[in-house]
Amino acid sequence: MLIGLLYLSEFLFFDPFIAGHIPVGTEFGFSLIVILSGLSGLVLPMNVYRINILKNSKGKIGGSVFGSFIGAAAGACSCGPIGFAIISTFGSVGATSMAFLTNYEIPIRLAAIGLLALTYYTTVKSLKIECKLKPQ
Amino acid sequence: MNKKVIIFGIIVAIVGIGILGSYSFSPNETVNLDMGRTHGDVSTAMGSPILGDPSAPITIVEFGDYQCHACYNWFHTHKPVIYENYIATGKANLIFIDLAFLGRDSPIAAQASYCAEDQGMYWEYHDLLYNSQESQIDNGWANSERLKAFAFNLGLEMTLFESCLDSDKYSKRVQYNVSEAKKHGARATPTFIIVGPDNQQEQFQGGQPYTTFKQIMDNMI
């Protein structure tokens, strides 16, 4: 996810050479991507474990998937290929939605991080209860 | 005798009006579009004037949008170094072609740049737009009024600029540039095509760092 987001946000390039850079003024956005990816990497496997191994409720994975998706969507630069495809396909509606994601990129990423942090907290709490060994 | 004087007077008057007319309208028609101008297989005829030495062995074709943040970052971070090391030294030149798709103000900003070109100030206006870009798309920073204010700040002749912008004089030119960009597979801004001395081309997208340009151009020279 980190590599994907860095590529979509034009911090990382693969063609024609592998290259990376952090333009001046984008350091905060870069940090948010790293945090978002780290939290997604923690929360998603924890919830998959809860569902697959413990056969528990699927409620919390919704939050983690939603948080990761929204955070990733905000990271996709509207002037990148995804933005171009959306704007070309949906015209002014696509342009408006991409402009919204670009204009509010930082608040959306912060909200996604908040949602992931909350999901992490509740997942850890419920895992502690669910995984508690019952005395024989 | 009187008839000859009258006829002579009429001829002189017509010639005088013609000369005055061509003089007074000349600022509107100073653009010399070379319709056959191509670099590699890219038609750059409707693009920007050439920045740098037109006979430089390498041409960098940039497809960009004035509201694009990645273009803004490239303009401020990497273009100055490329300019200093390649364009100012005559090793390369640069042409900007509009891929104005991001919002309703993008095509208007592109048209305004050509209105500035009418008065010989394309690159000054281009630079001013990228220096004035705001973080939000279509928030009004590049609307018609602001574009006119930028022209005023540059000292352009406002009557000419306003009539040019209000008449959509360069609407078709911008559309042509967008279609040329799409024809060459530009699917993001900025997209670059670097054309070498033997017309070899390297195309890539994104506001890539100076090292990428250096590596490609040094291989071409």
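## Helix 8 of chain B

In this predicted model, helix 8 of chain B has five named buried positions: Val174(B), Asn177(B), Val178(B), Glu180(B) and Ala181(B). They cover an arc of only 160° around the axis, which puts them on the same side of the helix. An α-helix has 3.6 residues a turn, so residues three or four places apart point the same way. The face turned away from the buried side of helix 8 carries the exposed residues Lys172(B) and Lys183(B).

Several elements cover the buried residues of helix 8. Among them are strand 2 (42-43), strand 3 (58-64), strand 4 (92-98) and helix 4 of chain B.

The length of helix 8 can be checked too. It runs over residues 171-183 of chain B, 13 residues in all. At 1.5 Å a residue, these should span 18 Å, and the end C-alpha atoms are 18 Å apart, so the two values agree. Just after this helix, Gly185(B) takes a positive phi of about 80°.

## The nonpolar cores

The largest nonpolar core has 61 residues. Those with the most contacts inside it are Val61(B), Leu99(B), Ala109(B), Ala112(B), Cys115(B) and Leu147(B). Helix 4 of chain B, residues 105-118, gives the most to this core, with seven residues.

A second core is separate and has nine residues. It includes Leu5(A), Leu39(A), Leu116(A) and Tyr120(A).

## Around Leu147(B)

Leu147(B) is one of the residues with the most contacts inside the largest core. Which residues does Leu147(B) contact, leaving aside its neighbours within four places in sequence? They are Ile108(B), Ala109(B), Ala112(B), Ala142(B) and Leu165(B). Ala109(B) and Ala112(B) are also listed among the residues with the most contacts in that core.

Strand 5 (residues 191-195) and strand 6 (residues 201-205) of chain B pair in the antiparallel sense. Five bridges join them. One of the paired residues is Ile193(B), whose bridge partner in strand 6 is Gln203(B).

## Where the chains meet

The contact between the chains takes 21 residues from chain A and 26 residues from chain B. On the side of chain A that touches chain B, helix 4 of chain A (residues 81-103) gives the most, with seven residues. The residues on that side of chain A divide into 13 nonpolar, six polar and two charged.

Note on methods
Residues are numbered from 1 along each chain as its sequence is written. Chains are lettered from A and ligands numbered from 1 in the order in which they are written. This is a predicted model: local features need pLDDT of at least 70, side-chain atom pairs count only at pLDDT 80 or more; totals for chains, interfaces and linings use all residues. A nonpolar core is a set of buried Ala, Val, Leu, Ile, Met, Phe, Trp, Tyr and Cys residues joined through C-beta atoms within 7 Å. A residue is buried if 20 or more other C-beta atoms lie within 10 Å of its own, exposed if 12 or fewer, and partly exposed in between; C-beta atoms are placed from the backbone. Helices (H or I, at least four residues) and strands (E, at least two) are DSSP runs, numbered from the N terminus. Two residues are in contact if their C-beta atoms, placed from the backbone, lie within 7 Å. Two strands pair if DSSP finds at least two bridges between them. The expected span of a helix is 1.5 Å times one less than its number of residues. The arc is that of the directions from the helix axis to the C-beta atoms. Ala, Val, Leu, Ile, Met, Phe, Trp, Tyr, Cys and Pro count as nonpolar, Asp, Glu, Lys and Arg as charged, and the others, Gly among them, as polar.
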